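Here are a few notes to read alongside the model, written for someone meeting it for the first time. Please keep the view open as you go through the points.

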Amino acid sequence: MTSSPAMAKRISREPDALATREVDRLVSKLLGEIKVPFGSLGTRVLTQLADLKRILSTDYLGVPALPQKPLLKELAQVVEKDIKQHIPTYGSLSDLGSPQLLGHLGKLFGPRKLELRAEAYRTGAGLSLRGFYCRAEVGDESKFVIFVNTAHHPGAVGATLGHELGHFIYGSLVGEKAAHTAFMEGAFANHLAEEDELFADSLVALAAYSPELIRKIGSVTHLKPGSSDVLFNSIKDAYDLIGPRYDLDLAKGKMAAAWRVRYLTSMAHFFKLRCALYKSAGV
């Protein structure tokens, strides 16, 4: 028996339709968890939801820009042997800015002087700019400068710092891009297309979650039809773990809905990426 072209077309679309329904169901549950009412879904929130849906629906193991296993293993070694040993509390992303750690990494990947600048920035691009990394002339010296916007929640500031530090290490291991400037802003789904962005995000993911925690929570890299509850529970477990560390409560009414969704998207991205690192490289 042969199918008609119309039926074949309809069948070919079924997985997409199933995946869309599964993502919508998962998003609905997550919004309920952080108490974002559907009545607040203005333009800004809808824009953030599009990014969240892309993050939730993507199979992170199948992302072409995911760094190769040898590079990930080298990064994991840096996190374990260097970063972990030079911050007071492993797992606290805010400690990534300690002078001891920055000085150690500057020597390890030197001679490349590294300078951190952290301040609240609300003008111009405002909160949409979380931070950036660049080469700059500071006085008579050429330095690598990391800027983080401290106007954000401390948990987001820590993640931004880790991301930009990842760019510094990537440039050391792989090579700097000419006139390189890396900004942390906009949609996290855009990071899925660039190896250097995913490498930088991988530092945050590795610093936030140990292999033991990933095994305990459960390694989930993508959403299958009928599996939204599994991914929801894993993301909730990750949130229950990360939230208290940084006094991050996404259900608090004083935080704008758009930012609650954006921070949720960030957390889901780093968690799914960490699961992919565990599965693809065993780190």
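Predicted model: local features only at pLDDT ≥ 70, side-chain atom pairs only at ≥ 80, totals over all residues.

1. Stepping back into the helix itself, H9 covers residues 257-281. Its 25 residues reach 36 Å from the first C-alpha to the last, close to the 36 Å expected at 1.5 Å a residue.

2. How many of the residues of H9 are buried? The count is 22 of the 25, so H9 is largely enclosed by the rest of the structure.

3. One partner to look at is helix H6, residues 195-208, whose axis comes within 9 Å of the axis of H9. The two axes cross at roughly 90°; since angles of 65 to 115 degrees count as roughly perpendicular, H6 and H9 are therefore roughly perpendicular to each other.

4. You can trace this contact residue by residue. On the H6 side are Leu 198, Asp 201, Ser 202, Val 204, Ala 205 and Leu 206, and they meet His 269, Phe 270, Leu 273, Arg 274 and Leu 277 in H9. Sorted by type, the residues of this contact are seven nonpolar, two polar and two charged.

5. Finally, have a look at Ser 234, which sits in helix H8, residues 228-245. Ser 234 has a relative accessibility of 4% and so counts as buried, the cut-off being under 20%. Apart from neighbours within four places in sequence, Ser 234 is in contact with Ile 217, Gly 218, Val 220 and Phe 271.

Note on methods. Residues numbered from 1 in each chain as written. Heavy atoms only, no water. Axes fitted to C-alpha atoms, helices over the stretch in contact; angles between N-to-C directions. Helix = DSSP H or I, 4+ residues; strand = E, 2+ residues; numbered from the N terminus. Parallel < 35°, antiparallel > 145°, perpendicular 65-115°, else oblique. Contact = heavy atoms within 4.5 Å. Nonpolar A, V, L, I, M, F, W, Y, C, P; charged D, E, K, R; others polar. Buried < 20%, exposed > 50% of the residue type's maximum accessible area, 1.4 Å probe, protein only. Expected span 1.5 Å × (residues − 1).
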